[in-house]
Amino acid sequence: CIARMVADAEGSRAYVQVRERTPKPELVDKRQPGNTVAVRDGLVTAVQPYDGEKLVLPGTMVQEGQLLISGVTDDEQAGTRFLRGMGKVYARTWYKMQCQVPGTIREKVYTGEEHTRYAICWGTRRINFYNSSGIPWGDCDKIVTRTKLTLPGGIALPITIVKETYRCYEERTVERSQEEAEQLAYAVLEAVLTSVMEEGQVERETLTSVPWGDDILVELSAECREQIGRFVEIPKE
């Protein structure tokens, strides 16, 4: 299985989309006959048929779409029977996945210049102790601290002192190290690899990277053990 993607990253952070809701599973008709087929290539290590006839043995190399457990059986006494043909088939599988990571990164460099200004909020009113509402110092990080005033005894007043601190910085483009690129790509590729395996685990993996134009191409090679059988219903006539 080969996959390729470009890392969606800002700095050294990768963003992964997470689904909060799982779709409601479809109802299964247990009387509907079917077969179990391979969802990907692999070297079979174990076959566990629940119903039907197994057509492969451990040590067999199978291809995607190959019939593994048949729901159609022939018996001299009972004749042709249609069964569910369900079960689990475990196999060794191999993956190669690539991730293209930008070779440069925009980085903040703080200049050491800082500016502070204050305001008072009284109920719904705000009084600024500065003239302009804009930021005249260029690129800055803004840090806001709010302090509520209280009387002795802990009685709160409707007055808040607002302190705004601006830390000035310059942006520069720096080269991303090979180690950083591999760490970022590995997080993305590992998440993808885990998502494509319905039931399995990674047993061995290797990570390599090479320059790719202005980017860095990272490749993950993995050997896994996973359940590759998928039930497919036999269409009704």
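Is Tyr166 buried or exposed, and what is its relative accessible area? Tyr166 is buried, with a relative accessible area of 1%. The model is predicted. Across the whole structure, a search finds two aromatic pairs. Details of these pairs, and of charges placed over rings, follow by topic.

**Tyr110 and Tyr169**

- The ring centres of Tyr110 and Tyr169 are 6.0 Å apart and the planes meet at 75°, so this pair is edge-to-face; planes over 60 degrees apart count as such.
- Tyr110 belongs to strand β12 (residues 104-122) and Tyr169 to strand β15 (residues 155-175), so the pair ties together parts 59 residues apart in sequence.
- Tyr169 counts as buried at 14% relative accessibility, whereas Tyr110 is partly exposed, at a relative accessible area of 36%.

**Trp137 and Tyr166**

- Trp137 and Tyr166 form a tilted aromatic pair, with 5.2 Å from centre to centre and 50° between the planes.
- Tyr166 is in strand β15, while Trp137 lies in the loop between β13 (125-128) and β14 (140-151), so the pair ties together parts that are 29 residues apart in sequence.
- Trp137 is partly exposed, its relative accessible area being 26%, whereas Tyr166 is buried at 1%.

**Charges over rings**

- Arg167 has its charged end over the ring of Tyr110, 4.0 Å from the ring centre; the ring of Tyr110 also pairs with that of Tyr169.
- Arg117 places its charged end over the ring of Tyr130, at 4.0 Å from the centre of that ring.

How values were computed:
Residues are numbered from 1 along each chain as its sequence is written. This is a predicted model: local features need pLDDT of at least 70, side-chain atom pairs count only at pLDDT 80 or more; totals for chains, interfaces and linings use all residues. Side-chain values use heavy atoms; hydrogens and water are left out. Rings of Phe, Tyr and Trp (its six-membered ring) pair if their centres lie within 6.5 Å; planes under 30 degrees apart count as stacked, over 60 as edge-to-face and the rest as tilted. Helices (H or I, at least four residues) and strands (E, at least two) are DSSP runs, numbered from the N terminus. Buried means under 20% relative accessible area, exposed over 50%, partly exposed in between (1.4 Å probe, protein chains only). A charge sits over a ring if NZ of Lys or CZ of Arg is within 6 Å of the ring centre and within 35 degrees of the ring normal.
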